[in-house]
Amino acid sequence: MPHPVSLFALLALAVVVLSWAFSQAGLTVQDPLEGEEVEVFNLLSSGGIEWMFTSAVDNFINFAPLGVVLATMIGIGMAEQTGLIGTLLRSFILSIPKFLVTFGIVFAGIMSSVASDAGYVVLPPLAAILFMALGRHPLAGIAAAFAGVSAGFSANLLLSGTDVMLGELTIEAASTIDPAYADQMNLAMNYWFIIVSTAVLVITGTLVSQFLVEPRLGTWKGEGVLKGQNSEDLTITSVEKRGLIWAGVSLLVTLGLMMLLIVPENAPLRGEDGAVVQSPFMSSLVVVIIVAFFVPGLVYGIVTKVVRNDTDVVDHLSRTLAGMAMFLVLAFTAGQFIAFFDQSNLGLILSVIGADWLESINMTGVPLVLLFIVFVGVVNLFVGSASAKWAMLAPIMVPIMMQLGISPEFTQAAYRVADSSTNILSPLMTYFALIIAVAQKYDKRIGIGSLISVMLPYSLAFMAVWTLMTMGWMGLDLPLGPNAPVFYD
């Protein structure tokens with residue numbers, strides 16, 4: 001598969017060619033909302049070429065996740081760069097009872113997604129050392145950590161950059177069918193769903209680890225005594241403990257101040273008639289996430305002397321945003337693709353045709369959602385980036401599902417299930433090679449095939465259990481988050 005950046009450039013080119021071909025063929029559909037006839041806008045016409053050249057910069061700037069993802073990473077990056085998140089993960093794992101170690105590692109892995117990639121770097125090596133110290137197979141610890149971090153990536157107890165990134169793309173896709181509906185959507189649209197998902201996946205991952213994966217690996221016959229620098233990974237220094245305490249205090253103070261902006265009846269972030277769901281507070285969740293991570297991260301850095309002055313703060317933030325360079329390049333090509341797709345009317349036209357075809361073969365409701373989950377799970381083996389994949393699929397699938405009665409919020413939830421469950425089976429996944437490198441410290445024979453065989457039970461179990469939970473959610477018609485229904489009327 002091409003690199004995601006190249007893939008979107010090719011897709012944008014394909015849209016241009018298709019807009020010409022379908023325009024020449026006279027393809028039209030009826031707008032499901034307005035009832036008017038919609039035709040393809042030829043991007044190779046004189047007006048189309050002019051539009052592509054004059055709108056290229058705006059297409060980049062207006063790529064839905066661009067601003068919110070970069071802004072969110074300012075807060076999360078401060079907590080990550082100063083070491084707060086890494087220390088929190090280590091402290092949590094080392095403080096739990098021995099009989100809950102597997103449970104704790106899977107849970108910490110899932111929670112680590114709030115800091116994007118930190119879990120991949122911190123948890124697998126730590127889990128291996130901890131398991132080895134307990135006389136258990138270190139590869140079992142690596143597998144449990146990898147399953148939590150990657151296969152449970154879209155579950156969490158907290159809102160994170162993932163919710164921001166996916167939510168913006170979902171809202172933009174929904175607006176092509178029903179702008180009024182899209183206007184009342186919010187970035188916390190899957191919050192209740194991911195909270196329950198966290199509990200379900202932690203239990204599933206723990207059971208798979210203890211009853212399938214660890215017995216298959218057998219008894220650890222290597223060295224069980226920790227030597228050298230590895231022992232340092234199993235301690236939290238007094239400075240780090242003090243940093244955690246003050247970071248916790250600062251978080252409580254920050255949250256308390258935020259509560260003053262939303263709890264009182266006439267608080268400035270409440271909506272009309274005192275509403276909370278439809279309010280400035282829900283519209284400013286990105287700012288809430290930034291502050292909730294930035295302040296404790298800054299305080300931790302000051303206490304541990306990682307931050308000594310304002311220059312250090314800027315340096316940490318610069319390193320965070322420097323790591324987003326690939327995302328910026330991706331945003332340019334993805335922004336062109338989405339804008340071309342929208343301007344050409346191909347998104348609306350293909351969604352109407354696709355919805356009519358699926359309806360004609362009775363592919364609606366549960367069968368439709370199951371097919372969608374399987375499809376995304378397979379695509380995920382070849383396109384690992386969640387943002388790239390959803391930027392590619394959302395403009396088509398969200399409108400199709402809406403016309404078949406499935407809400408954009410539920411389509412996004414189903415996408416999250418499939419996008420996460422098969423991550424650990426794809427050698428194309430960014431951190432797959434890192435996990436192999438960590439595993440080879442304990443077994444030189446570990447390669448792509450053997451790692452996939454170890455992780456396969458997690459992937460199958462997560463996909464099966466999570467899908468069943470999703471179908472149950474659909475059957476009970478439970479809200480997925482604030483003002484986020486399962487069905488679209």
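Ala, Val, Leu, Ile, Met, Phe, Trp, Tyr, Cys and Pro count as nonpolar, Asp, Glu, Lys and Arg as charged, and the others, Gly among them, as polar. The close-up views below are taken from a predicted model.

**Figure 1. Lining of the second largest pocket.** The second largest pocket holds about 980 Å³ of space, and 35 residues line it. Val114, Leu158, Leu251, Ala292 and Phe293 are the lining residues that lie nearest the centre of this pocket. Two or more lining residues come from each of helix H4 (84-95), helix H5 (101-111), helix H10 (191-217), helix H11 (238-260), helix H12 (280-283) and helix H13 (285-303). By residue class, the lining comprises 32 nonpolar and three polar residues, with no charged residue.

Figure 2. The buried residues of H5 are Val101, Thr102, Gly104, Ile105, Val106, Ala108, Gly109, Ile110 and Met111. Phe103 also belongs to helix H5, but Phe103 counts as partly exposed because its relative accessibility is 35%. H10 supplies the largest share of the patch, with four residues.

Figure 3. One cavity of 30 Å³ or more is present in the structure. Rolling a probe the size of a water molecule over the atoms shows where empty space is left. The volume of the largest cavity is about 50 Å³, and its lining consists of Leu139, Ile142, Ala143, Ala439, Ile446, Leu451 and Val454. Helix H7 (138-151) and helix H21 (448-476) are the elements that give two or more residues to this lining; H7 gives the most, with three residues. The seven residues of the lining are nonpolar, and none is polar or charged. Helix H7 also contains Ala147, which counts as buried because its relative accessibility is 1%. The C-alpha atom of Ala147 is separated by 9.6 Å from that of Leu201, although the two residues are 54 residues apart along the chain.

Figure 4. Side chains of opposite charge can pair when their charged atoms come close. The structure holds five salt bridges, one of which joins the side chains of Glu214 and Arg136 at 2.8 Å, N to O. This pair links distant parts of the chain, with Glu214 in helix H10 and Arg136 in the loop between helix H6 (118-133) and H7, 78 residues apart. Glu214 and Arg136 are both buried. A further salt bridge is formed by the side chains of Asp419 and Lys389, at 2.7 Å, N to O. Asp419 lies in helix H19 (residues 408-421) and Lys389 in helix H18 (residues 386-403), so the pair ties together parts that are 30 residues apart in sequence. Asp419 counts as buried at 2% relative accessibility, and Lys389 counts as buried at 0%.

**Figure 5. A salt bridge between an exposed and a buried residue.** Arg445 and Asp443 form a salt bridge in which the closest N and O atoms are 3.1 Å apart. Arg445 counts as exposed because its relative accessibility is 73%. Asp443, by contrast, is buried, with a relative accessible area of 17%, which falls under the 20% limit for a buried residue.

Conventions. Residues numbered from 1 in each chain as written. Predicted model: local features only at pLDDT ≥ 70, side-chain atom pairs only at ≥ 80, totals over all residues. Heavy atoms only, no water. 1 Å grid on protein atoms, 1.4 Å probe; cavity = no way out; pocket = protein on both sides within 12 Å on 5 of 7 lines; lining within 4 Å. Points joined across faces, edges and corners; volume = space filled by probe spheres on them. Buried < 20%, exposed > 50% of the residue type's maximum accessible area, 1.4 Å probe, protein only. Salt bridge = Lys/Arg side-chain N within 4 Å of Asp/Glu carboxyl O.
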